Amino acid sequence: MAVMARAESTELDAILARLGPLPAASNLKPPEVGLVMLRGRTGGDGAPFNLGEATVARAAVRLEGGAAGFAYRLGRDLKAARAAAILDALWQDEARRAAVEEALAAVRARLADEAATVRAETAATKVDFFTLVRGED
Amino acid sequence: MYVAAKGGEKAIRNAHALLAKRRRGKKNLPAISLAQIAQQLTLAVDRVMAEGSLYDVELAALAVKQARGDLIEAIFLIRAFRTTLPRFGYAQALDTSEMLVRRRVSATYKDLPGGQLLGPTFDYTHRLLDTSLGLADEADEVDDQAGEAKQADDAAAPVSMPRVTDLLGQEGLIEGAPTDDGSEPFDITRAPVSFPVDRSTRLQTLARGDEGYLLALGYSTQRGYGRSHPFVGEIRFGDVEVIFEAPELGFEVSLGTVQVTECQSVNQFKGSATTAPQFTRGYGLVFGQCERKALSMALVERALRWEELGEEPGAPAQDEEFVLSHCDNVQATGFVEHLKLPHYVDFQAELDLVRRMRAEHEESRRAADMKEAAE
């Protein structure tokens, strides 16, 4: 679900298209945008406090003759939330799980790649300290 | 006599149409897109998210555009929008030690584990205007160089980056953070605040407080109004994961990541007959890359702890009710700017009053003159 929360809407659509034909999905409740209050910890590791809210899109579906699927994603993309919920439902199906995982692998690789780029770019700005030779020695 | 007046609908309608025209600017220029604002005016967007107290990059970019770059107006728009949405619940506290770090510096330790990572910073720039930025725009050229950044070869694997306060804490040199006793923190968006308040309420209030206001108050503590001798133990900025336990699922799910800036200030000592002297600390945590704000927040947060740490009160930044009641720029701008709205009746009353006072004054003066002449 962590990968599905980070996938682009277009990626989710492409995955669903690839996994098709799919059973019809009906909404358990209409997809909805709401807020989640994010929290921090005093001093980073202490007692919690309320930091501020974030928008979240959620969806819950049931596949015809199959499992229920849920999705919660930061942002307001209801279409992406519904697509993620369908994927979640497909993942519940043992017969389809491997195919879903395989389709998500590309997204997982993209995310890992982006994180690696951030780390490499940040590491290039790491300060190398050196000690100047002092004259009196 | 009280006369109710009505009118101005047409003028208001036309004013708003004119506002829309001015916002758009010259029609022969392309309109600025939300993606451009989000990508190229990132720090304005971050500030709107932080003080609007709502993490949503696209919405914040829209607010910046609609407000013609007036960030307080944009923050106001975001605050108004958030009231239209239902609350799904509370996320688990963000774990900043697990951050995908984009910048991390310490002013207290040169060689700390993980190192000093400057990241995308204005620090060490010469503050000279770069005219090439304007030229690139005019020629409508893509500035290739700006998109390129050096990458270190050996940095793909995550590096552990302990917080400086953890390093100091191992030796007992700094006070610990207040422990999590499992109780729910107060939420200022759900219940009215009455003073005095606890530390978590202060942090929530400061996290959405005005950057300029907190900067001025933080500055005042450095200049001697509530001195607390701060060091920047650490400032870090990057991506952290949001974990939420959805009520209908009954288990934790990851919602994605948000960017935050965290600042730990290390301040002068407290000790007593029973405890050895220790450094004290202030804390700042803000949405987006808002370093000035996170640092100012840590300074003010520390100053507000004077009573708990047995310090002398008296400085503006130590006055909890004053600091917290005035740090919200939406509240402040609402009350200050309402002065522009019609006050015709109030003013009429005052005009009437001052005329009467002047008449009485004139009368008493004349009476005094007459008396003098008679004598």
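1. Conventions. Residues are numbered from 1 along each chain as its sequence is written, while chains are lettered from A and ligands numbered from 1 in the order in which they are written. Because the model is predicted, local features need pLDDT of at least 70 and side-chain atom pairs count only at pLDDT 80 or more, whereas totals for chains, interfaces and linings use all residues; side-chain values use heavy atoms, with hydrogens and water left out.

2. Extent of the interface. Chain B places 77 residues in contact with 51 residues of chain A, contact being heavy atoms within 4.5 Å. The buried area is about 5,500 Å², and carbon and sulfur atoms give 64% of it; the term stands for the accessible area (1.4 Å probe) that two parts lose on being put together, summed over both. On the side of chain B, the residues that lose the most area to chain A are F88(B), E248(B) and L255(B), together 12% of what that side buries.

3. The rule finds nine salt bridges across the interface, each a side-chain nitrogen of Lys or Arg within 4 Å of a carboxyl oxygen of Asp or Glu. D180(B) and R41(A) form a salt bridge through their side chains, at 2.9 Å from N to O. Strand β5 (residues 252–270) of chain B supplies the largest share of the side that touches chain A, nine residues, strands being DSSP runs of E, at least two residues, numbered from the N terminus.

4. Strand pairing. Strand β1 (residues 25–41) of chain A and strand β2 (residues 87–93) of chain B run parallel and are joined by four bridges, where pairing requires that DSSP finds at least two. Within β2(B), R87(B) is the bridge partner of L35(A).

5. E53(A). This residue of strand β2 (residues 48–63) of chain A is buried, with a relative accessible area of 1%, the limit being under 20% (1.4 Å probe, protein chains only). Beyond residues up to four places away in sequence, E53(A) touches residues of both chains, including L35(A), R82(B) and R87(B).

6. H326(B). At a relative accessible area of 43%, H326(B) is partly exposed, that is, between the buried limit and the exposed class, which is over 50%. A polar atom of the H326(B) side chain lies 2.7 Å from the backbone oxygen of F322(B).

Technical notes. Polar contact = N/O pair within 3.5 Å; in protein donor to acceptor, adjacent residues only side chain to side chain.
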